[in-house]
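Me: I am new to this structure and would like to learn how to read its features one at a time. Could you take me through them slowly?

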Amino acid sequence: MDSLRFYVQTFGCQMNDHDSGVLARLLEEAGHLEVARPDEADLIVVNTCAIREKAEQKLFSQLGRYRLLKDRRPDLTIAVGGCVAQDAGRRLFRRAPYVDLVFGTHALQDVPDLVARVRRTGRRIAATPEEQDPERLEAFYAHHRARAVTAYVTVMQGCDNYCAYCIVPYVRGRELSRPADEVVAEVERLVAQGVAEVSLLGQNVNSYGLKPRGETDFPALVRRLARIPGLLRIRFTTSHPKDLSDDLIRCFGEVPALMPHIHLPLQSGSDRVLEAMRRRYTVGRYLSLVERLRQARPEIAITSDMIVGFPGETEEDFRATLEVMERVRFDGLFSFKFSPRPGTLAARLPEPVPEPVKEERLARLQALQQAHTLERNQALVGVVRPVLVEGPSKAGGGQVSGRTPENKIVNFPGDPAWVGREVDVRITAAAVNSLRGEVPAAPSVGPDHRPGGVACTFR
Ligand code: SF4
């Protein structure tokens with residue numbers, strides 16, 4: 001097959017972002033070239049996410065735009081992958097007959113071959129296997145697209161929790177952890193290529209090592225990785241409150257490379273709603289985790305997810321959520337209106353909350369969170385924090401951009417040669433989404449661990 005120009009569009013979470021990176025790498029290795037715009041491409045891949053609201057609707061309106069390109073250039077190949085594709089399978093062809101390829105979450109590694117078959121035969125293909133072949137999974141992870149400074153490393157896939165509203169266990173399959181030696185070897189390779197920070201990914205990362213049961217649990221994995229010379233920072237996401245162990249909390253106090261930030265989804269501040277959601281923890285347990293995390297690492301930033309308007313949620317339940325937010329004062333929050341996912345338990349629950357009520361609650365919740373985020377960010381003004389420089393700032397003007405240990409973005413005037421290093425920055429101003437800073441006249445810049453003269457690319 002001739003070399004194709006391809007464009008990948010990603011919806012959704014970090015897991016999808018990571019999968020798109022792997023997919024792009026696989027396509028490049030098959031001789032194809034990534035382009036920045038869909039109208040320049042011979043192959044458009046849409047990597048979908050089923051978690052967010054109206055996922056299918058958003059997909060079809062985007063596909064409608066790509067259809068116009070295909071009307072002009074019938075040789076354009078359109079592929080749809082990810083969670084929506086896994087869920088919908090061939091059904092997708094009925095609504096979008098101009099789509100050529102549908103591939104599920106377990107067929108990512110086959111995409112270059114599937115594209116070749118579609119283009120050779122002119123036939124549409126739907127490949128949505130239910131299970132991941134463990135041997136192929138290992139080969140799949142060997143493909144990795146690292147950013148110059150930071151990289152995602154998937155340590156486990158799937159989820160066995162079956163929260164009432166969530167489609168992930170149905171589309172990502174059962175929980176499956178990678179062997180620790182393999183993860184460590186991959187991180188060592190990344191560090192040798194110049195990566196200074198890794199984010200360990202899993203749908204439910206705290207239960208790493210349970211399935212299959214290995215010798216290494218998640219805290220032990222973090223401690224092993226922290227011993228890799230040159231690895232400055234370790235992060236992980238996402239944690240389930242029911243699985244956050246005392247040992248992992250201790251890691252925040254004992255392992256300096258483990259960054260002081262945790263994303264710990266609460267979902268609701270009402271025990272009644274949490275039970276209906278099948279989350280298997282109480283608000284009391286969550287608050288005690290927050291307290292212990294702050295004892296272990298006082299500066300820790302805590303972010304969370306919240307769903308408003310779950311079936312049966314009363315005004316009293318919702319107020320309980322706002323009260324918990326007042327007590328915890330999250331650094332950031334992803335908040336969503338409940339929308340039923342077909343096939344999940346919550347889709348069959350009675351007492352739906354009317355749409356206008358959901359909207360009104362979401363607006364109240366988001367207004368409160370904005371105030372808290374700003375308050376938490378403003379508390380850093382005047383403080384000096386080590387910032388890992390990731391690249392030029394989008395703001396331009398000779399500024400560079402990086403993150404504090406608490407995962408807050410800081411833009412400040414700086415030298416592009418600092419990319420990949422930690423620089424001490426005094427925070428001078430705070431907004432909701434980012435901070436501004438300055439370095440002293442004689443900046444404190446950490447060592448450059450990257451291999452000499454490696455050019456950096458940023459996504
Ligand atoms: S823990 Fe619950 S919300 Fe998270 S992926 Fe698993 S089922 Fe979904």
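Reply: What follows goes from the domains to a helix, a barrel and the ligand shell. This is a predicted model, in which local features need pLDDT of at least 70 and side-chain atom pairs count only at pLDDT 80 or more, while totals for chains, interfaces and linings use all residues. Residues are numbered from 1 along each chain as its sequence is written, and side-chain values use heavy atoms, with hydrogens and water left out.

Me: Which domains does the assignment of the protein chain give?

Reply: Domain bounds come from an automatic or database domain assignment. Here they are domain 1 (5–127), domain 2 (134–378) and domain 3 (381–459), and the C-alpha centres of domain 1 and domain 3 lie 35 Å apart.

Me: Which residues of helix α5 are buried?

Reply: An α-helix has 3.6 residues a turn, so residues three or four places apart point the same way. In α5 (residues 111–121; a DSSP run of H or I, at least four residues), the buried residues (under 20% relative accessible area, 1.4 Å probe, protein chains only) are Val111, Pro112, Leu114, Val115, Ala116 and Val118. Gly122, with a positive phi near 75 degrees, follows α5.

Me: In what order do the strands close into a barrel?

Reply: Strands are DSSP runs of E, at least two residues, numbered from the N terminus, and two of them pair if DSSP finds at least two bridges between them. The barrel has 5 strands in the order β15-β16-β17-β19-β18, with mixed pairing. Strands β15 (residues 384–392) and β18 (residues 422–430) run antiparallel and are joined by 5 bridges, and Val387 stands opposite Val423 in β18.

Me: Which residues are around the ligand?

Reply: A residue counts as near a molecule if one of its heavy atoms lies within 4 Å of it. Those around the ligand include Cys159, Cys163, Cys166, His240 and Arg279.

Technical notes: Buried means under 20% relative accessible area, exposed over 50%, partly exposed in between (1.4 Å probe, protein chains only).
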